[in-house]
Amino acid sequence: MTLPEWSEAAAAGFANRHSLRPPLSPELLVGVIERHHRVCLDPTLIEDGRLDLDGDGWRVSVNPRRPRSRQTFTLAHEIAHLLLATHGVTQDDEELWCNDFAAELLMPRSLVERICRPYFEDIGQLRHLSHAAGVSMSAALIRVRNLCEWRSGLLTFEFLKQERRWIISGITAFPSNLKNRIFTSDSCGEVLQRSSTLRIARLPMTIGARPVSVRVQLSGDGSRRFALVSPSEISKVAAQPNSNYGRPIAPG
Ligand SMILES: [Zn+2]
């Protein structure tokens, strides 16, 4: 049997052969790999995962200290390397091929299109996909942007219990120049706290030292919140000059 060149077809074929349906878990993928190869949970790994020759077979190592959704993606990615290696196939962009394979295995195109195609830029549907596929909101958004032409970005917030404040713990699909300039402001927390009743909100944030109000779709649970930010809001925010530059630091 030959391996299709196209990663999506290869992933769909692999899922069929092993009756894999989302949501996938690390245990499920470890079980599939262990039919023919070894899996080693190695907390000392610096990287998320790796593939090594092991006697006359292969050994997949994965770092169990990473979040479960990350481990699932890593195992799917290493399965792609394994398939290429056992088929003696080389790909020009092997890392990219393996990432595409993993994305299709975890979030099949048909599932993504069914959930997110009819509802444009909707955080409820993004959440639905993230649950259905067992992946992070950030991974789900990247997939939906690729398959359904969504253009929104996503902010992830985390509540720090000891400091009793919200911080931004993740920025997905924002221009790179914003990554170290966008922060929560004091009143941001009040809005995030109420997000179980608020769906559309204006989030008070700061860009550099300048206050901005960003219109977002909110969703969340426990100590995490997600804000879907439309492209027009992102460009509005990106246009803010960084007023931190050249600013004297106040003494004391
Ligand atoms: Zn790789």
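Buried residues make up 31% of the 252 residues in this chain. Please keep in mind that you are looking at a predicted model.

**The chain as a whole**

Nine helices and nine strands are found in the chain. The C-alpha trace spans about 65 × 45 × 35 Å along its principal axes. The domain assignment gives domain 1, covering residues 7-106, and domain 2, covering residues 153-242. How far apart do the C-alpha centres of domain 1 and domain 2 lie? The distance between these two centres is 34 Å.

Contacts can also link parts of the chain that are separated in sequence. Among contacts with a separation of 6 or more, 50% are between residues 24 or more positions apart.

| Helix pair | Angle between axes | Distance between axes |
|---|---|---|
| H2 and H3 (residues 68-86) | about 25 degrees | 9 Å |
| H5 (residues 109-116) and H6 (residues 123-133) | about 150 degrees | 9 Å |

What do these angles tell us? Start with H2 and H3, which pack at about 25 degrees. An angle under 35 degrees counts as roughly parallel, and therefore H2 is roughly parallel to H3. H2 passes H3 in a left-handed crossing. From H2, the residues Pro26, Leu29, Val30 and Ile33 take part in the meeting, and on the H3 side they find Arg68, Gln71, Thr72, Leu75, Ala76 and Ile79. Sorted by class, this contact has seven nonpolar, two polar and one charged residues.

Next come H5 and H6, with their angle of about 150 degrees. Because an angle over 145 degrees counts as roughly antiparallel, H5 and H6 are described as roughly antiparallel to each other. The crossing in which H5 passes H6 is right-handed. Which residues of H5 meet H6? They are Leu111, Val112, Ile115 and Cys116, and their partners in H6 are Gln125, Leu126, His128, Leu129, Ala132 and Ala133. By class, the contact of H5 with H6 has eight nonpolar, two polar and no charged residues.

A cis peptide bond joins Pro22 and Pro23, with omega at about 5 degrees.

Ser19 is in the loop between H1 and H2 as well. Although Ser19 is not a glycine, its phi is positive, at about 50 degrees. Is Ser19 buried or exposed? Ser19 counts as exposed because it has 7 C-beta neighbours inside 10 Å, and 12 or fewer is the cut-off for that label.

Ser130 lies in helix H6. Ser130 and Pro67 are 63 residues apart along the chain, and their C-alpha atoms are separated by 14 Å.

Gln217 sits in strand S8, which covers residues 210-221. With 20 other C-beta atoms within 10 Å, Gln217 is buried. Not counting residues up to four places away in sequence, Gln217 touches Ile123, Arg199, Ile200, Ala227 and Leu228.

In sequence, Gln217 and Glu121 are 96 residues apart, but their C-alpha atoms are 9.3 Å apart in space.

Note on methods. Residues are numbered from 1 along each chain as its sequence is written. This is a predicted model: local features need pLDDT of at least 70, side-chain atom pairs count only at pLDDT 80 or more; totals for chains, interfaces and linings use all residues. Domain bounds come from an automatic or database domain assignment. Helices (H or I, at least four residues) and strands (E, at least two) are DSSP runs, numbered from the N terminus. Two residues are in contact if their C-beta atoms, placed from the backbone, lie within 7 Å. Axes are lines fitted to C-alpha atoms, for helices over the stretch in contact, and angles run from 0 to 180 degrees between N-to-C directions. Angles under 35 degrees count as roughly parallel, over 145 as roughly antiparallel, 65 to 115 as roughly perpendicular and the rest as oblique. A crossing is left-handed if the near helix is turned anticlockwise from the far one by less than a right angle, and right-handed if clockwise. Ala, Val, Leu, Ile, Met, Phe, Trp, Tyr, Cys and Pro count as nonpolar, Asp, Glu, Lys and Arg as charged, and the others, Gly among them, as polar.
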